[in-house]
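Open the model in your viewer and keep the selection panel at hand. The stops below go from one selection to the next.

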Amino acid sequence: MKQRVKINEDVAALYIARHHKEIGGEIRLLSLKHNFAGVLQAVVNLLKSLIEKGRTEKAIHHIKYIGWIYQRGNSHIQYLIENLFVRSFESIRKRCAPEQWKLLYVEIPQAFKTFYLTQNNFSNNKIC
């Protein structure tokens, strides 16, 4: 069986720019500067905006896509997603109405939930 090559920051940024059309230009500029952390922050800012506008389903879609990138990313991408993107979930949770957060939390990829719970020392009962 052929082993898949993990994607790097430049390729991941291209995928994210294509998928997140609302901020594609910003992501391309950050990618030119090799600033993948900035790319993730742009996605986090988009998620916060979507949450504030009540567009939870679209936010979920974007979170799942970053999960797809995480699964295919190299160790550096995974590290940055765990420590920048997933860390933002607590701030996102605070912006959500309780029902909105419950809907969103159910859809978060399992690996992200594990990191989120560990980072915030939450039990599953305290989350929702």
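Is Glu107 buried, partly exposed or exposed? Select Glu107: with a relative accessible area of 31%, this residue is partly exposed. Keep in mind throughout that the model is a predicted one.

**Stop 1: Glu107 and its partner**

Lys64 and Glu107 form a salt bridge, and their closest N and O atoms are 2.7 Å apart. Lys64 belongs to helix 4 and Glu107 to helix 7, so the pair ties together parts that are 43 residues apart in sequence. Lys64 is also partly exposed, its relative accessible area being 41%.

**Stop 2: the other salt bridges**

How many salt bridges does a search of the whole structure find? The search finds 5. Two more of them are worth a selection.

Select Arg95 and Glu52. Their side chains meet in a salt bridge, at 2.4 Å from N to O. Since Arg95 lies in helix 6 and Glu52 in helix 3, this pair ties together parts that are 43 residues apart in sequence. Arg95 counts as partly exposed at 37% relative accessibility, whereas Glu52 is exposed, with a relative accessible area of 53%.

Next, select Glu90 and Arg93. The closest N and O atoms of this salt bridge are 2.5 Å apart. Both residues lie in helix 6, 3 residues apart, which separates them by about one helical turn. An α-helix has 3.6 residues a turn, so residues three or four places apart point the same way. Glu90 is buried at 12% relative accessible area, while Arg93 is partly exposed at 26%.

**Stop 3**

Select Glu82, in helix 5. Show the surroundings of Glu82: leaving aside residues up to four places away in sequence, Glu82 touches Tyr70, Arg87, Phe115 and Gln119.

**Stop 4: helix 3**

Select residues 36–52. Helix 3 has 17 residues and reaches 25 Å from its first C-alpha to its last, close to the 24 Å expected at 1.5 Å a residue. How many of the residues of helix 3 are buried? The count is 12 of 17, so the helix is mostly covered. Colour the buried ones, among them Phe36, Gly38, Val39, Leu40 and Lys48. The buried residues of helix 3 pack against helix 1 (9–19), helix 2 (24–32), helix 4 (56–72), helix 5 (75–85), helix 6 (89–95) and helix 7 (98–107). Just after helix 3, stop at Gly54, which takes a positive phi of about 75°.

**Stop 5: helix 1**

Select residues 9–19, helix 1. The N-terminal end of this helix is capped by Asn8, with a side-chain oxygen 3.1 Å from the backbone nitrogen of Asp10. Which residues of helix 1 are buried? They are Ala12, Ala13, Ile16 and Ala17. These cover an arc of only 135° around the axis, which puts them on the same side of helix 1. Display the neighbouring helices to finish: the buried residues of helix 1 pack against helix 2, helix 3, helix 4 and helix 5.

Definitions and conventions:
Residues numbered from 1 in each chain as written. Predicted model: local features only at pLDDT ≥ 70, side-chain atom pairs only at ≥ 80, totals over all residues. Heavy atoms only, no water. Helix = DSSP H or I, 4+ residues; strand = E, 2+ residues; numbered from the N terminus. Expected span 1.5 Å × (residues − 1). Buried < 20%, exposed > 50% of the residue type's maximum accessible area, 1.4 Å probe, protein only. Contact = heavy atoms within 4.5 Å. Salt bridge = Lys/Arg side-chain N within 4 Å of Asp/Glu carboxyl O. Arc of directions from axis to C-beta. Polar contact = N/O pair within 3.5 Å; in protein donor to acceptor, adjacent residues only side chain to side chain.
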